[in-house]
Amino acid sequence: MIPPAFEYLRPKTIPEAIAFLQQHGDEAKILSGGQSLIPLMKFRLARPAYLIDINRISGLSYIKEEGGYLKIGGLTRESELEHSPLIRSKYPILLDTTRVIADPQVRNMATLAGNLAHGDPANDHPATMLALGAQIVAIGPKGKRVLPVESFFVTLFTTELQHDEIVTEISIPIPPPRSGGAYVKLERKVGDFATAAVAAQLTVDDQGVCQKVGIGLTNVGATPVKASKAEEFLRGKKLNDANIAQAAQLAADEAQPSSDLRGPAEYKKGLVKELTKRALVRAYERSGK
Amino acid sequence: MAEKQSVQIKVNGRQREAMVEPRLLLVHFIRSIPGLTGTHVGCDTTHCGACTVLVDGKTVKSCTLFAVQADGCEVLTVEGLMQDGNLHPLQEGFKEEHGLQCGYCTPGMLMSSYALLRQNPHPSEEEIRWGISGNLCRCTGYQNIVKAVQYAATKMRKGGNDGLSNVA
């Protein structure tokens, strides 16, 4: 399959990229990892007249802790997350997530920033970022904006990003001690989108009482879903079987899946309930409690 | 029609230069400019991995990358595995352990296995299966592919020859 013709632009700096975006408006798309965009172009579901390849902009690929945040650069690849000693030792929820995205070749190209900016509720990182309370840092002609993930996803394939803005960083508050997180996904085969998946991030006190909790759901709505009612229920409660079961039920109630080739909506709600349970249990185990 | 652009890509150690449309996919560049047809177009939808090549040492699906993106990069294809007229231990392994039937997926399987062994010369069975999880085979059921990779790993350890000195 041959994509429609386009003009290829390869800026070396962020200001140069933004100038191109301003110049070409809605006709331009940013080419980052391209693992969603290029297939869309081959199917001719996307027909950008200009592709602005940001891959040669330096300084956008990093994973570091700084000023209380885990900061991940806009061009950091999934495979870099997957093999990062920092992620492997301190952020198992991110390792869980990146490992179930597509396959090794795709992860060598695909970026975390692109996974979010694409605005696809079937993508895996959005739920995890909701659970972690991440912020998306974007730069545009008017400067830098810091967008909380909770309000980032507007609707299907639509985010808060303006057409002339570039995601330069994802910043995640470093969880306090006694925290743990997990991402649990059911997929039909390697590389498939989730039938459903759940991200959970917890902080408990020394009695095992939940202090902080974030729960995000994948592919069960027009946008990634923040399971706010389940979170609210768990705050201040012990992480025992009964409370976990109740939170899982609330998360399932908040899911709005549609029936499709991956299963009927009712089944997916049941799945969210079970996966929420498993994610919370694993997150609790990882909190070291 | 978009203007053609000049790209320079080193394929298996040899510099290739061409004027291409930006929409030309890397797999078509590889197959048409140097005429290396070992890299296959399989599903053409980023699933099957038959088009897997290494770009600057990393595996990619060459049907999901534009040739212009690889401008200035080094590409290794299945044709670059053989050294001095000798099959690479992986190629030998696929032959000895019957790691293929129809052979369509084999170039991609070889390239993913090559990248895996470079990163991890002692992979467990699970790690091999993980390493080739982006490559589909509809013939073998994967058993003999895993054996072939194990064969190569063992041979490369014994021989002291890492077999991994190729470009990219």
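This is a predicted model: local features need pLDDT of at least 70, side-chain atom pairs count only at pLDDT 80 or more; totals for chains, interfaces and linings use all residues.
Reader: Which pattern of helices and strands does chain B follow along the sequence?

Author: The secondary structure of chain B consists of five helices and five strands. Taken in sequence order, these elements give the pattern β-β-α-β-β-β-α-α-α-α.

Reader: What is the radius of gyration of chain B, and what does the globule rule give for 168 residues?

Author: Along the principal axes, the C-alpha atoms of chain B fill a box of roughly 50 × 30 × 25 Å. For 168 residues the globule rule gives 15 Å, and the value for chain B is close to this, so chain B is as compact as a globular protein of that length. The radius of gyration of chain B is 16 Å.

Reader: How many of the residues of chain B count as buried, as a percentage?

Author: A residue is buried if 20 or more other C-beta atoms lie within 10 Å of its own. Applied to the 168 residues of chain B, the share that counts as buried is 51%.

Reader: What percentage of the contacts in chain B with a separation of 6 or more comes from residues 24 or more positions apart?

Author: The contacts considered here are those in chain B with a separation of 6 or more. Within that set, residues 24 or more positions apart account for 61%.

Reader: Which strand gives the most to the side of chain B that touches chain A?

Author: In the contact between the chains, 24 residues of chain B meet 21 residues of chain A. One strand of chain B, residues 58-61, gives the most to this side, with four residues. That strand is E4 of chain B.

Reader: How do the residues of the side of chain B that touches chain A divide into nonpolar, polar and charged?

Author: The side in question is made up of the 24 residues of chain B in contact with chain A. These residues divide into six nonpolar, 13 polar and five charged.

Reader: Which residue takes a positive phi in the hairpin of E3(B) and E4(B)?

Author: Strand E3 (residues 52-55) of chain B and E4(B) run antiparallel and are joined by four bridges. One pair of bridge partners is B:Val55 and B:Lys58, the latter in E4(B). Two residues lie between the strands of this hairpin, and the residue there with a positive phi, near 45°, is B:Asp56.

Reader: Where is B:His98 found, and is B:His98 buried or partly exposed?

Author: Most residues other than glycine have a negative phi. B:His98 is not a glycine, yet has a positive phi of about 55°. The residue lies in the loop between helix H2 (89-96) and helix H3 (106-119) of chain B. With 13 other C-beta atoms within 10 Å, B:His98 is partly exposed.

Reader: In which loop is A:Phe157 found?

Author: A:Phe157 also is not a glycine and has a positive phi of about 55°. With 15 other C-beta atoms within 10 Å, A:Phe157 is partly exposed. The loop that holds A:Phe157 lies between strand E8 (153-155) and strand E9 (158-159) of chain A.

Reader: What separates the centres of domain 1 of chain A and domain 3 of chain A?

Author: Chain A is divided into domain 1 (7-53), domain 2 (63-173) and domain 3 (179-284). Taken over C-alpha atoms, the centres of domain 1 of chain A and domain 3 of chain A are separated by 35 Å.

Reader: Why does A:Ile52 count as buried?

Author: A:Ile52 lies in strand E3 (residues 50-53) of chain A. Not counting residues up to four places away in sequence, A:Ile52 touches residues including A:Leu9, A:Phe20 and A:Leu31. A:Ile52 counts as buried because its C-beta neighbours inside 10 Å number 24.

Reader: Which are the edge strands of the open sheet in chain A?

Author: Four strands of chain A form this open sheet in the order E11-E12-E13-E14, with antiparallel pairing. E11(A) and E12(A) are joined by eight bridges, and A:Tyr183 stands opposite A:Ala199 in E12(A). The strands that pair on one side only are E11 and E14 (225-226) of chain A.

Reader: What covers the buried residues of H11(A)?

Author: Helix H11 (residues 265-286) of chain A reaches 31 Å from its first C-alpha to its last, close to the expected 32 Å. Its buried residues include A:Leu271, A:Val272 and A:Leu275. Their cover includes strands E11, E12 and E13 and helices H9 and H10 of chain A.

Technical notes:
Residues are numbered from 1 along each chain as its sequence is written. Chains are lettered from A and ligands numbered from 1 in the order in which they are written. The radius of gyration is taken over C-alpha atoms; the globule rule is 2.2 Å times the number of residues to the power 0.38. A residue is buried if 20 or more other C-beta atoms lie within 10 Å of its own, exposed if 12 or fewer, and partly exposed in between; C-beta atoms are placed from the backbone. Two residues are in contact if their C-beta atoms, placed from the backbone, lie within 7 Å. Domain bounds come from an automatic or database domain assignment. Ala, Val, Leu, Ile, Met, Phe, Trp, Tyr, Cys and Pro count as nonpolar, Asp, Glu, Lys and Arg as charged, and the others, Gly among them, as polar. The expected span of a helix is 1.5 Å times one less than its number of residues. Two strands pair if DSSP finds at least two bridges between them.
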